[in-house]
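User: Hi! I'm new to this one and would like a quick tour. Can we look at it together?
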Amino acid sequence: MTAVRLAAVDVGASSGRVMLARVGPETLELAEAHRFRNEPVRAAGTLHWDVLALYRGVLEGLRAAGPVAGLGIDTWAVDYGLLDATGALLGNPVHYRDGRTEGVGDRVAEQLGPARLYATTGLQHLPFNTLYQLVAAAGTPQLEAAHRLLLIPDLIAYWLSGVIGAEVTNASTTQLYDLRRRAWATDLMADAGIRGELFPPLREPGTRIGPVLPTLGLPGTPEVVAVGSHDTASAVVGVPAVGEHFAYISCGTWSLVGVELDAPVLTEASRRANFTNESGVDGTFRYLRNVMGLWPLQESMRTWGTTDLPALLREATDEPAFRSVVDPDDPTFLPPGDLPARIAEACRRTGEPVPVHPAATVRCILDSLALAHRRAVQQAQQLSGRHVDAVHVVGGGARNDLLCQLTADACGLPVLAGPVEATALGNALVQARALDAIGGGLAELRSVLRATQQIVRYEPRADAAAWRAAARRLGWED
Ligand code: LFR
């Protein structure tokens, strides 16, 4: 087997990248071919993704990457574009942070029965799950006119290949996918008033979709490959773990905190703890919870008009620990806007000292995030019965020194940080396997990662009592 050149398209909430990868049994190299901004647009009161600008960025990136044998696409989850009967896009996809789902999720879950929803889909209750977005859009002319619904990576794959389908890892985030039957949950759709025929046939990660349309004039004729098209699914492939006794935190705009399992956990305790069973590559389950992640920090920096993260982190390191802690999952933090003001408001509400300058706000955000990591790692273990002895942090958060050390301290476990590009690497590895450039299961793919990628280890410092006391302030521990 010789190494192949591949393009991994990875579009996140704030930027998209086309990464050029060279992958073989002993080779895994990644270089950025092109990066473009992802700037949501509010128009007539609704927050949209500028999906055509994203597609243009993908095309520019593929041209910059040069000839490749394959390409795979991953993006965030849950959001979709609608196509009419001719395949034309009906309007711009709505952003999951848009306010249209406010109050909808709770009402719909109550109507359909939270226990039934969990038994069928295994999914955590997030206000923006596709199910709730579609109920919020019910009766709109756009949805009425729709012939097909494509999740964002499937929409981009359609434009590139002309082939329609729904990749399973991302389908599993809709709350409309039956995780045990591995099929669309058509009964649930019917009861929610959602037309089942909107949903295209499912496809497994690691299968070929088809060649890029020649009319696009891209270099070579790469094969479009279905990867873990949910970015978190690709990120979990990209966790350089040995064996099964590990937790992962895919840390970027969100922190996705959990373990990898062979079977879902569908207990009442798991439902109440709001843990999700998202489908992973090779039939695995990503048993995890969404923690608010670096979003409050990113949005605070936008509010302050600063981009100098290293300077902020240096100042935050010198701030006193645990002066103010908040629940990062406070729903008021979800929409875009003035996050420092909302954090101050949350502190006022709960009697915590209000952070008075940016460094104090950053320290509050990171202490609070580390506490939320601790809680999720502990609960993932209790609820699944899987013991872990290390926490892998992958994604952009892996280069945040202070956060990695605080997470090690909070969890009382070593943190293994890196790779930052786990998502693109997981995307490329699954493509390479589909194109027969490498073989093996997830364990073999991960051994290629360990042999080629840099990983930084953080040992926990002994201050368990302080973390427990801080968790108690949030009412999380007795
Ligand atoms: C991370 C992510 C999460 C998903 C959130 C919204 O980028 O994909 O897994 O819950 O974005 O789609």
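User: Which residues does Leu369 touch, not counting residues up to four places away in sequence?
Analyst: Leu369 touches Ser255, Pro328 and Leu403; two residues are in contact if their C-beta atoms, placed from the backbone, lie within 7 Å. This is a predicted model, where local features need pLDDT of at least 70, side-chain atom pairs count only at pLDDT 80 or more, and totals for chains, interfaces and linings use all residues. Residues are numbered from 1 along each chain as its sequence is written.
User: Is Leu369 buried or exposed?
Analyst: Leu369 is buried, because 29 other C-beta atoms lie within 10 Å. The cut-offs are 20 or more other C-beta atoms within 10 Å for buried, 12 or fewer for exposed, and partly exposed in between, with C-beta atoms placed from the backbone.
User: And where is Leu369 placed?
Analyst: Leu369 is in helix α14, residues 358-384. Helices (H or I, at least four residues) and strands (E, at least two) are DSSP runs, numbered from the N terminus.
User: Which residues of α12 and α14 meet?
Analyst: Leu312, Glu315 and Ala316 in α12 meet Pro358, Ala359, Val362, Arg363 and Leu366 in α14.
User: New topic: how many helices and strands does the protein chain have?
Analyst: The protein chain has 18 helices and 21 strands.
User: What share of the 478 residues counts as buried?
Analyst: In the protein chain, 51% of the 478 residues count as buried.
User: What box do the C-alpha atoms fill?
Analyst: Along the principal axes, the C-alpha atoms of the protein chain fill a box of roughly 60 × 55 × 45 Å.
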